[in-house]
Amino acid sequence: MSTIIPKNANLEKYKLKNVTPNWNFSFEKLQKITVDKGMGKETNNGTLAINTGKFKGRSPQDRFIVKDEYTKDRVWWGKINKPISSENFDRLYDEVANYLSNKEIYARDAAVCADPKYITNVRTITEYPWSNMFTINMFLRLEDNELENFEEDWLVLCAPGYECPNPKEYGIRQGNFSILNFTKKIALVGGSGYTGEIKKGIFSALNMVLPTDKNVLPMHCSANVGEDGDTAIFFGLSGTGKTTLSADPKRNLIGDDEHGWTAEDRIFNFEGGCYAKAIDLSEENEPDIFRAIKPGALLENVVMDENGVVDYTDVSLTQNTRVSYPIYHIDNIQTPSYGDNPKNIFFLTADAFGVLPPVSKLTPGQAAYHFISGYTAKVAGTEEGVDEPVPSFSACFGAPFMPLHPTVYAEMLSKKMQDAGVNVWLINTGWSGGPYGVGSRIKLKYTRAMITAILNGDLANVEFEEHPIFGLFMPKYVPNVPIELLDPMNTWLQKGGYITKAIQLAHYFHLNFEKFESQASEEIMEGGPLIDQHHHLDHM
């Protein structure tokens, strides 16, 4: 990958004055600059490791969308999508441009959306060399001739070192911010070095533009393809197994996080790489990800010893340790990164209450209900004083990145699922035999066996039984999985305790869904738990 300077390399048009631009540097160059400047270190195998600074994760409360003609009636405004005026955006943009002026900066031209019909060009200008290296990994890498004649559709401007000194005057909460301007097609990041802000900024933009203007459903999911060309999709929130379960030695990976589903019946990756959680990573449990950590990858906020050996169990900096790497660091990938309509869709949840079955089949109504709910549970102990699991609902398994009302995405998904005749499955990668602290985490090998059985068609003739509280259909037999594991009630010592906990979780589902009821169809409403808090289970 040579250093190609595009024909339209004049950065003055972005109000960047007297900058020294480094265009389209290779990862080797960027890595060397990062180490030379003391901004990162190399691990024992030559992988770059950096610290993202004050922010080690996204800052969802500091994410804004410019409210203007394009967005005002389209965006689902609220806690997730907070408005900022065009005037305040322009003032902040000028501040950031002024801050970057007279500095050495890093510019990269790349693309997102692997389907040629929807490819979108993104120019990223960053203050730090390693932020730029992140975009080599995460966006689609272009050929030299494409770089020479590059014209961007979107601009990302990232200045972690800039903090707004008087945020209230600009309509923001504190010194850092991540702002999308759909009219100017700019993603502006200030005050945070967390690279996920770059990736999720563009993802959020696509989540607005694709369904609104292109009739493409954007999805927070991973996807892979079998030898017979059958596509599988895995939806799930962070930590539920999206990256792990889609990395399957017998299947080709399309991508691990962000995809579109087109009107032409195609699933395509938005990205050119993977951004995996590195907590407790081991070669034994996650060989593909572990081996992808080699020169070219970028480790974030991990802890290593003086010999450069990384301790993936050390979360003293953050629980959210990460690695980004280009997708070709994985052996078996789908090239180009798209596939046909899915045959199976998996909703992954890590249920720390130990209530949901490890595998169940969903009706179309249940599929839409669980998609809009986007349930997982946070484990107790991450915050002081929390000893019960905490239910966590994120609409469409990606609410922080969804500018439109969740039912827009859910209805698109329902229609596509029914048109394509997809089977939808709920997979609990969380607890069994009791809640967190009592039960144990369902073994990864059993979850893999369930998914393999589904993909092989082994459950086509198996009997199912209905869960008495959630109405989910649980298979009575799955090859290579202990039968007693399949009905969660059997794994609890106290059946009464199980029922109490299941009713409590059903109640959380109902409470969470209240905000969507006005826009949800009857079929979707009937997809929820069979009981609400007012009913007693006399028949159990």
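## Loops and helix packing in a predicted model

Gly439 sits in the loop that links strand E27 (431-432) to strand E28 (440-441). With a relative accessibility of 17%, Gly439 counts as buried, because the cut-off for buried is under 20%. Setting aside its neighbours within four places in sequence, Gly439 is in contact with Trp431, Ser432, Gly433 and Gly434. Ser85 is another matter: 354 residues separate it from Gly439 along the chain, and the C-alpha atoms of the two are 49 Å apart.

Zooming out, the chain has 14 helices and 30 strands. Its C-alpha trace spans about 75 × 50 × 50 Å along the principal axes.

Next come the helix pairs. Two packed helices are described by the angle between their axes and the distance between the axes. Helix H1 (residues 27-36) packs against helix H3 (residues 129-138) at an angle of about 155°, and the axes are 9 Å apart. That angle makes H1 roughly antiparallel to H3, since the label applies to angles over 145 degrees. The crossing of H1 past H3 is left-handed. On the H1 side the contact is made by Phe27, Leu30, Gln31, Ile33 and Thr34, and on the H3 side by Pro129, Trp130, Asn132, Met133 and Ile136. Sorted by class, this contact has seven nonpolar residues, three polar ones and no charged ones.

Helix H8 (residues 364-373) turns up in two pairings. With helix H9 (residues 406-420), H8 packs at about 150°, the axes being 10 Å apart. H8 is therefore roughly antiparallel to H9, and it passes H9 in a right-handed crossing. H8 brings Pro364, Ala367, Ala368, Phe371 and Ile372 to this contact, while H9 brings Thr407, Tyr409, Ala410, Leu413, Ser414, Met417 and Gln418. The residues split into nine nonpolar and three polar, with no charged ones.

The other pairing joins H8 to helix H13 (residues 495-513), at an angle of about 80° and with the axes 10 Å apart. This makes H8 roughly perpendicular to H13. Here Tyr369, His370, Ile372 and Ser373 of H8 meet Phe509, His510, Asn512 and Phe513 of H13. The contact of H8 with H13 has four nonpolar and four polar residues, and again no charged ones.

Phe397, in the loop between strand E25 (390-393) and H9, has a positive phi of about 55° although it is not a glycine. At 1% relative accessibility, Phe397 counts as buried. Asp280 is another non-glycine residue with a positive phi, near 60°. It belongs to the loop between strand E16 (273-277) and helix H7 (287-292), and its relative accessibility of 48% makes it partly exposed. Finally, the peptide bond from Thr335 to Pro336 is cis, with omega near -15°. Pro336 lies in the loop between strand E20 (322-326) and strand E21 (338-340).

How values were computed: Residues are numbered from 1 along each chain as its sequence is written. This is a predicted model: local features need pLDDT of at least 70, side-chain atom pairs count only at pLDDT 80 or more; totals for chains, interfaces and linings use all residues. Side-chain values use heavy atoms; hydrogens and water are left out. Axes are lines fitted to C-alpha atoms, for helices over the stretch in contact, and angles run from 0 to 180 degrees between N-to-C directions. Helices (H or I, at least four residues) and strands (E, at least two) are DSSP runs, numbered from the N terminus. Angles under 35 degrees count as roughly parallel, over 145 as roughly antiparallel, 65 to 115 as roughly perpendicular and the rest as oblique. A crossing is left-handed if the near helix is turned anticlockwise from the far one by less than a right angle, and right-handed if clockwise. Contact means heavy atoms within 4.5 Å. Ala, Val, Leu, Ile, Met, Phe, Trp, Tyr, Cys and Pro count as nonpolar, Asp, Glu, Lys and Arg as charged, and the others, Gly among them, as polar. Buried means under 20% relative accessible area, exposed over 50%, partly exposed in between (1.4 Å probe, protein chains only).
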